[in-house]
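Biologist: I'm new to this one. Can you walk me through it?

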Amino acid sequence: MKKFCLKRVVESVIVLILISFFSFGVIELAPGDISSMYISPTMTEEEKQATIEKLGLDRSMGERYVEWFKGVLQGDFGVSLSNKRPVAEQFAEKLPATILLMSVSLALSLVISIPLGLIAGLKKNTIIDRIINLIAYIGVSIPSFWLAMVMIIVFSLKLRLLPSSGMHTIGVDSAWDTIKHLIMPAFTLCIGNLATFTRYIRSNTIGQLEEEYVLTAKSKGTSKGKILFRHVLKNCLLPIITLIGMRLASLVVGSFIIESIFGWPGLGTLGMSAIQSRDYPMIMAYTMLSGTILVLGNFLADILYAFADPRIKQGMGEAHGR
Amino acid sequence: MEQLLKVENLRVSYHSYAGEVQSVRGVSFEVNKGETVAVVGESGCGKSVTSKAIMGLIQCPPGEIKEGSHIYFENQDLLSFQEKQWEKYRGAECSMIFQDALTSLNPTMNIGNQIIENITNHKNVTKLEAKKEAIRLLELVGIPEPAARIKQYPHELSGGMRQRVMIAIALACNPKLLIADEPTTALDVTIQAQIIDLIKQLQQKLGTSVILITHDLGVVADIAHRIVVMYSGKVVEQGSSEDIFYRPKHPYTWALLKAVPRLDLQNKQQLVSIEGMPPDLITPPVGCPFAERCPHTMKICQTTPPPTYHFEDGHEASCWLHHPQCRKENLPFVAGGGQECQE
């Protein structure tokens with residue numbers, strides 16, 4: 001187990017370094033020049049030169065990457081090009097809002113998808129199953145930005161039930177107010193995961209119910225309900241742990257669009273403006289964050305899986321990981 | 001001897017896309033208290049379906065238990081049971097051991113809890129008492145260090161140990177009937193012998209009746225009191241172990257006995273097999289199901305199903321060879337002497 005963890009940590013670090021190098025390169029390769037965002041046509045040649053030097057853009061990409069990397073090792077993510085404030089500080093401000101949105105939407109998708117998936121699996125090929133399947137298909141296919149706009153039109157403009165943007169109403173500071181602001185973005189963000197999880201749990205339930213241990217449990221006189229909750233549930237939720245680990249990063253990236261639409265004061269809005277202004281220290285921090293979450297999510301999923309499934313733990317002890 | 005179980009004219013069909021598969025076509029046999037009955041026959045002859053019917057484990061649909069079938073357990077007709085009654089019966093009155101203990105045990109639940117589950121399903125005991133009982137059961141089935149083992153998971157045990165755990169689960173509530181569905185098929189030969197020995201010992205110790213389902217006649221020889229030979233969903237012959245091994249009456253039983261590998265014959269001798277394939281149970285043959293593969297087949301075998309002939313001590317066989325008018329020539333065993341049963 002220890003060796004497994006160590007191996008994964010080393011792997012993760014290598015992956016993160018590669019991510020940083022390639023994303024740095026991608027920003028550099030993007031058409032246009034970073035400096036053009038900060039230079040106006042009215043500037044004189046000297047002013048332009050001064051701006052470029054101030055931004056550090058007169059040096060080569062390699063030099064800037066090494067400098068950036070040294071900074072990161074010391075916990076310094078640099079200064080934003082557009083507003084000259086430290087990147088880390090801005091992230092710290094915006095992170096709580098994003099984490100709130102992410103966790104609520106993840107919890108929401110799990111709370112809804114587990115019973116839906118179980119019911120669909122149990123009632124395989126009945127009308128209930130078909131209806132749940134249909135909902136799941138719709139959920140997978142709907143573009144979230146479209147759903148977000150439709151929801152704003154229906155619930156904010158027509159029904160006037162929910163606020164269309166932001167996290168707080170100005171001057172109001174109550175939990176209920178935040179919840180009201182949270183409902184639409186959290187729901188929009190969860191709909192894709194919700195549909196995927198439901199379909200996974202459905203097929204797992206069907207598969208597990210056909211396993212022979214279910215027959216054994218039945219032959220002990222265990223009731224249907226107990227078979228489902230004591231035996232089948234755990235075995236069919238196990239693969240979902242891995243799925244969540246992989247989905248964590250997509251929740252951050254997914255929040256990009258949703259946060260912009262709903263004006264949620266989180267990282268998504270920040271990232272969006274950073275890309276628009278070619279603010280590469282900000283973009284890098286953003287990429288590194290989602291990369292770290294992805295790597296960490298998978299790592300945690302593996303560890304959690306080992307604790308939940310006794311078979312894996314033994315495998316890790318003997319073969320030192322997959 | 002007192003009768004425990006009586007299967008009467010059991011007919012089970014499975015509905016598939018290709019049509020109705022008549023897996024079990026009128027099976028009748030009895031199990032007395034404290035008796036071991038072996039049900040033998042090749043794959044697909046309906047022996048597992050019969051055992052599942054006795055446990056009430058046939059999924060309907062696609063399965064269907066036909067009208068007129070009866071399974072009496074202590075004079076109660078099981079087939080009239082409601083789900084709640086089944087739950088009380090399964091595990092407490094009648095238990096089952098399955099073929100492959102690895103897939104039959106829940107991989108993510110430790111074996112202690114899997115045994116305890118059966119105890120708490122039927123008895124009103126505390127968790128601690130159930131745990132003590134589970135340890136006792138593990139000791140009973142010959143698992144060393146039972147107190148430490150109950151925390152282990154199925155994958156941490158060897159195949160033989162897993163099957164012992166299955167037996168411990170099955171015996172947890174002292175059932176009156178134990179059904180072992182090919183309990184040794186997934187094990188290697190030495191372990192097979194150990195498991196059969198264990199079942200035999202426990203059967204003598206606890207007085208449980210056992211139905212042993214197998215396709216291996218060698219396995220049943222020293223454990224079964226009576227043997228039921230099944231072929232394509234029907235009982236073709238049944239009788240005491242001695243009757244089946246020394247005085248077999250049905251050509252299928254003859255063929256099965258010839259197919260058992262023998263140690264006392266020469267090395268170079270080929271293993272004997274039964275030519276041909278068992279009949280398709282979607283459209284079962286009109287006459288005797290074994291007629292196609294039987295070396296002694298006659299015209300009547302193709303057209304009319306044979307009646308059941310009764311010999312001494314409950315030994316019976318369904319074969320036209322025992323008809324008084326049949327000429328008994330070139331038969332490997334003595335035929336005839338039976339009385340036709342009036343059905």
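Modeller: Here is a short tour, starting with chain A and ending with one residue. Keep in mind that this is a predicted model.

Biologist: How many helices and strands are there in chain A?

Modeller: Chain A has 12 helices and 0 strands. From the N terminus on, the elements run α-α-α-α-α-α-α-α-α-α-α-α.

Biologist: What box do the C-alpha atoms of chain A fill?

Modeller: Roughly 85 × 60 × 35 Å, taken along the principal axes.

Biologist: And what share of the residues in chain A is buried?

Modeller: Of the 322 residues in chain A, 32% are buried. As for contacts in chain A with a separation of 6 or more, 72% are between residues 24 or more positions apart.

Biologist: Switching to chain B. How many residues are in contact there?

Modeller: 18 residues of chain A are in contact with 26 residues of chain B.

Biologist: Which helices of chain A each supply at least two residues to that side?

Modeller: α8 (212-219), α9 (224-262) and α12 (310-319) of chain A. α8(A) gives the most, with 6 residues.

Biologist: What is that side like by class?

Modeller: The side of chain A that touches chain B has 3 nonpolar, 8 polar and 7 charged residues.

Biologist: New topic. Where is A:Lys234?

Modeller: A:Lys234 is in helix α9 of chain A.

Biologist: Why does A:Lys234 count as partly exposed?

Modeller: Because A:Lys234 has 16 C-beta neighbours inside 10 Å. Buried would take 20 or more, and exposed 12 or fewer.

Biologist: What separates the C-alpha atoms of A:Lys234 and A:Asp309?

Modeller: 9.1 Å, although A:Lys234 and A:Asp309 are 75 residues apart along the chain.

Note on methods
Residues are numbered from 1 along each chain as its sequence is written. Chains are lettered from A and ligands numbered from 1 in the order in which they are written. This is a predicted model: local features need pLDDT of at least 70, side-chain atom pairs count only at pLDDT 80 or more; totals for chains, interfaces and linings use all residues. Two residues are in contact if their C-beta atoms, placed from the backbone, lie within 7 Å. Helices (H or I, at least four residues) and strands (E, at least two) are DSSP runs, numbered from the N terminus. Ala, Val, Leu, Ile, Met, Phe, Trp, Tyr, Cys and Pro count as nonpolar, Asp, Glu, Lys and Arg as charged, and the others, Gly among them, as polar.
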